[in-house]
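Hi,

Here is the structure I promised to pass on. Have a look at it first, and then read my notes below.

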Amino acid sequence: MEISDDKKIGDKELESKNFIHNIIEEDIRTQKYGGRVHTRFPPEPNGYLHIGHAKSICLNFGTATKYNGKCNLRFDDTNPAKEDTEYVDSIKEDVHWLGFDWEGREFYASDYFETLYEYAIKLIKKGKAYVCDLSQEEMGAYRGTVTQPGKDSPYRNRSVEENLHLFEQMRAGVFHDGSKVLRAKIDMAHSNMLMRDPILYRILHTDHHRTGDKWCIYPMYDFAHGQSDSIEGITHSLCTLEFEVHRPLYDWFVKELEIYAPQQIEFARLNLTYTVMSKRKLLTLVKEGIVRGWDDPRMPTICGLRRRGYTPESVRNFAERVGVARRDQVIDVALLEFCVREDLNKKAKRVMGVFNPLKVTVTNYPEGQVEWLEAINNPEDETAGTRQVPFSRELYIERDDFMENPPKKFFRLAPGAEVRLRYAYFLKCEEVVKDTEGNVIELKCSIDPASKGGNSPDGRKVKGTIHWVSANHALKADARLYDRLFLKEDPEDTGEDCDFKVNLNPESLVVKECYVEPFLKDAQKMDKIQFERIGYFCVDPDSTASKLVFNRTVTLKDSWAKIAGKEEGADNK
RNA sequence: UGUCCAAUGGUGUAGUGGUAGCACAGCAGAUUUUGGUUCUGUUAGCCUAGGUUCGAGUCCUGGUUGGACAACCA
């Protein structure tokens, strides 16, 4: 796979520093690893990647790039019961989409099963590991608690020969699942629970997605991860804070095994307001049909963000801006939204689309006449060029752009008021047509023919410019208006006996039919556009030749909504 | 009633003993054929009590608050 130019990593992302970079620069200075920098991104292939993983991906790959080092993609596949190639494929796609390349260094912990087995033998021979027959419940009891020391297993003092023999038999499939484990012999009274003779291997007669039925014993995370780092020559093993307590064990293994020692450095995982991030909760959303799947545009998964219309650059920029530190972080989702607006503002073509149509008849414009008017595709990018937009006697404008009794600061259309139709004419409202119930159903307006293109030769100013489409030329399309999935900043902030689902936003998806200009008829799936004055959208893969489907990525900032909101608040006082 | 980790504006993040800075959010204004963008200004911060020092956000000690740790998960 090639990485296209627009996915290349920008200089900006290489400039900033964090505490990990400080450590690395010191290590380079002291030649701790001969000046090498080698990181890795180590997902377990048991689920889809989310924005939190994106932070880790950007940190690991970005750090390698910054210091002319390397970053491996390594699948931590030591639990065959949960893992699958389906996830391997999606993870590779997502990492690549983000703009990173592992240059063929695609590794698997399962690649090292044989070496890991030999490492275990070495530990047994040193008297540092033993086969234990305690049941799961018994082992729990022997382990003690965080405030009380554990006690030694009765199997702790088996001879090296017996342990060797038993471990060989474990591998040979002599024992059934759960009947025996291999444990490290460390200290059952250690203040760190993980050092109380942790399990190295368990028996699992389950086929592995890569090694098939070759193994019926599998290494635990702690015995596999650090040694995999060591085998790959990783210098800085970056992981999240919850692995901090594992570090003494990580160091213990490389020391006892007398192998190359990478260093583990922990950083805070990413949390977002109005968002749940745990795999379990995301799975709940999918399984219960609350969202349409892992790539539902409301999901914080990378594939969800992609379908929502986020760009790799915007996600990378976000990862850069959130920073890397050791205190828990809850990032305002507004920062994510800012990042995507920032990128899309530079890239998205502007087009007009009407979401809540109100019919306008231009009474002084001849029936049947059509003019094609020139419109700028992107004021932020001259190379985006221009397009032609059809104008005719019958138009649709946005219902919100007309008020019969407007407040002072309302610059849009009102009886007797004049606005500019973008790229077209000044338009004046002459008459309001209502149905029998008093609802406004149509506006009869006139244009100033001299103002064609949007400026009047007499220098007359209008304060408002509104968007429109020609009724007979407009395409009907579906718009999926996405919003935050949860109503509360902290979805976990629930009453007693409630779970996060009580905080779901019932309007996180509103489907609307809209009218868009004919320019869009050739739009391709995943194309990103801005409907002027509305928001950024992308073309959903569900689109067909006969009907386009647009996903709202994010709204435009709306300072009118703020003003209007304040007026309303004032009225209520 | 344990061990470890953390604490800087609303949210994040810099500051490595010497004038607390940046981003987002907020507020005010300018520009504008998107009430978008852009630009300008502005509100707001070192958890606490001691100690070391000429000088402490930074170093030390105690406290407070928050987090992690008792899967044959990773």
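**Salt bridges and overall build**

The structure holds 55 salt bridges, a salt bridge being a side-chain nitrogen of Lys or Arg within 4 Å of a carboxyl oxygen of Asp or Glu. Before the details, please note that this is a predicted model, where local features need pLDDT of at least 70, side-chain atom pairs count only at pLDDT 80 or more, and totals for chains, interfaces and linings use all residues. Residues are numbered from 1 along each chain as its sequence is written, chains are lettered from A and ligands numbered from 1 in the order in which they are written, and side-chain values use heavy atoms, with hydrogens and water left out.

One of the salt bridges joins the side chains of R480 and D540, at 3.3 Å from N to O. This pair links distant parts of the chain: R480 sits in strand β23 (residues 475–482), while D540 lies in the loop between β26 (535–539) and β27 (549–555), 60 residues apart. Both R480 and D540 are buried, where buried means under 20% relative accessible area, exposed over 50%, and partly exposed in between (1.4 Å probe, protein chains only). The two also belong to a network of salt bridges that links R292, D295, R307, R480, D540 and D542.

Two further pairs are worth a look. K444 and E442 meet at 3.2 Å, N to O; K444 is partly exposed at 25% relative accessible area, whereas E442 counts as buried at 13%. K488 and D493 meet at 3.6 Å, N to O, with K488 partly exposed at 33% and D493 partly exposed at 40%.

Now the chain as a whole. Chain A has 14 helices and 27 strands; these are DSSP runs numbered from the N terminus, with helices (H or I) of at least four residues and strands (E) of at least two. Its radius of gyration is 31 Å, well over the 25 Å that the globule rule gives for 573 residues, so chain A is more spread out than a compact globule. That radius is taken over C-alpha atoms, and the rule is 2.2 Å times the number of residues to the power 0.38. Along its principal axes, the C-alpha trace of chain A spans about 100 × 55 × 45 Å. Buried residues make up 53% of the 573.

Finally, there is an open sheet of 4 strands in the order β4-β5-β6-β7, with antiparallel pairing; strands pair if DSSP finds at least two bridges between them. Its edge strands are β4 (129–132) and β7 (217–219).

Best wishes
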